[in-house]
Amino acid sequence: MGRARTLAQVYRHFGEVDAAGASPLYERVAVALSESGEALRAIEAAPARRRHPTVILAALHDLALAGRAPTLAAAYAAADGEAAAGAAIDTLLQVTDSVVAIAVRRPVRADETGRCAVLYPAIAEAARRASADAVGLIDVGCSAGLNLNVDRVGIRYSNGQSLGDPSSLVQLSCSIVGGRPVPARAMPEVVARIGLDREPVDVTDADEARWLRACVWPDQPELAARLDAEMALAAAVPPLLLHGDPVEVVPDAVARVSADALPVVTTTWALSRFPPESRLRFLRRLGDAAAGRVLMWVSAEGVGVAPEIPTLGDRHASGHSIIGLAEFDRSALRAEAIGRCWSRGRLLAWLAES
Ligand SMILES: C[S@@+](CC[C@H](N)C(=O)[O-])C[C@H]1O[C@@H](n2cnc3c(N)ncnc32)[C@H](O)[C@@H]1O
């Protein structure tokens, strides 16, 4: 009983606090689940760490998108909170095993190319510094590898600048903070796109692509449309995805970039998931991989998360992130903070002289 109450509180809090405003559908569904003893008992069939509303609601959404919960799908499409609440409980009770199986198997994802507004000028700057005409992109903690399309999206900045492909089906916008423009330089040719992750997502696999969509809340059609466009872009030129511990795999990835191209390793909000010891090992591996060539590492991580990248005196966990550029020149390391960003790349303050 005590455990059920705790779970009930988690669902009520999620509905009334986390989803409120952002998703009226999830607000109503989560509160309804919190008030249904049967629904809570069904959720308790999942292991404790897979019972969170974001996981269970994504699993239910996945079944709706797959055509296995048509009443729920219709309620979501009609934005009918009452109908969705009833259908979510019915689905949970009727196909508990399927909901639990999805919840156990799939980590919740939040893939977006919004990061590209930050990555594009940083990678172009890395190429300029190395006088490189071609780059090989290696994204560490890549999830679906959407960062690897950085040269194939269009970006408009609030100061009137634009970068990338203005005719791309993925168009991003980013607010510039402070007076300094981003470098106007185009990125050189991208000759390799390699993503490293413990569990990479292959967007050419229908089940995996549907799961990414399921993680978007059902009353956020703009986000869903953008994700669909991003996945279509990625599916047209699928990256090479390498499974495993990225720290161990990164030298192999670097070796796959031809000698006439500059390897640019990127990390976006990934290193915080690695233990501090593993972050230092990552840095050493980059140094090893750069033993015979120049290599660049572009990072967008919370303040103090990326080793060696200056924190500019900012407080840790202060809500924004530091954009780092580290150059390994035959193992010698020069690391600089070239910008700050907020909201995972929706706001950018460029700092570097270029
Ligand atoms: C928060 S996501 C960041 C994804 C993406 N870079 C972004 O900007 O949204 C972290 C990614 O790192 C991977 N990951 C987390 N811990 C890991 C570890 N110890 N080893 C390998 N990959 C890990 C996860 O699978 C996930 O795809």
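A pocket is found on a 1 Å grid over the protein atoms alone, as an open set of points with protein on both sides within 12 Å along at least five of seven lines; a cavity is a set of points where a 1.4 Å probe fits but cannot get out, and lining residues have an atom within 4 Å of a point. Grid points are joined across faces, edges and corners, and a volume is the space filled by probe spheres set on the points. The model is predicted: local features need pLDDT of at least 70 and side-chain atom pairs pLDDT 80 or more, while totals for chains, interfaces and linings use all residues. Residues are numbered from 1 along each chain as its sequence is written, and side-chain values use heavy atoms, with hydrogens and water left out.

**Pockets and cavity**

The second largest pocket is lined by 13 residues, and Arg106, Arg109, Glu199, Pro200 and Glu208 lie nearest its centre. Two elements, α9 and β6 (240-243), each give two or more residues to this lining; α9 gives the most, with three. Helices (H or I, at least four residues) and strands (E, at least two) are DSSP runs numbered from the N terminus.

The largest pocket has a volume of about 1200 Å³. Its lining has 40 residues, of which Val108, Arg109, Ala110, Ser143 and Arg273 are the closest to the centre. At least two lining residues come from each of α4, α9 (206-214) and α10 (221-236), and α10 gives the most, with four.

The structure holds one cavity of 30 Å³ or more. Its lining consists of Ser299, Glu301, Gly302, Val303, Gly304, Val305, Ala306, Ile309 and Ile322. Strand β8 (residues 294-302) supplies the largest share, three residues.

The table lists volumes and lining classes, where Ala, Val, Leu, Ile, Met, Phe, Trp, Tyr, Cys and Pro count as nonpolar, Asp, Glu, Lys and Arg as charged, and the others, Gly among them, as polar.

| Space | Volume | Lining residues by class |
|---|---|---|
| Largest pocket | about 1200 Å³ | 19 nonpolar, seven polar, 14 charged |
| Second largest pocket | about 190 Å³ | six nonpolar, one polar, six charged |
| Largest cavity | about 40 Å³ | five nonpolar, three polar, one charged |

Helix α10 has 16 residues and reaches 22 Å from its first C-alpha to its last, close to the 22 Å expected at 1.5 Å a residue. The expected span is 1.5 Å times one less than the number of residues. Buried residues (under 20% relative accessible area; exposed is over 50%, partly exposed in between; 1.4 Å probe, protein chains only) of α10 are Ala224, Leu227, Ala229, Glu230, Met231, Leu233 and Ala234. They pack against β4 (171-176) and α9.

Helix α6 (residues 81-94) has 14 residues and should span 20 Å at 1.5 Å a residue, which agrees with the 20 Å between its end C-alpha atoms. Its buried residues are Gly81, Ala84, Ala85, Ala87, Ala88, Ile89, Thr91 and Leu92. These pack against α2 (24-34), α3 (37-43), α4 (53-65), α5 (70-77) and α7 (96-105).

**Leu351**

Leu351 lies in the segment after β11 (347-350). Leu351 counts as partly exposed because its relative accessibility is 31%. Leaving aside neighbours within four places in sequence, Leu351 is in contact (heavy atoms within 4.5 Å) with Arg180, Leu312, Ile338, Gly339 and Arg340. The C-alpha atoms of Leu351 and Val182 are separated by 8.6 Å, and the two residues are 169 residues apart along the chain.
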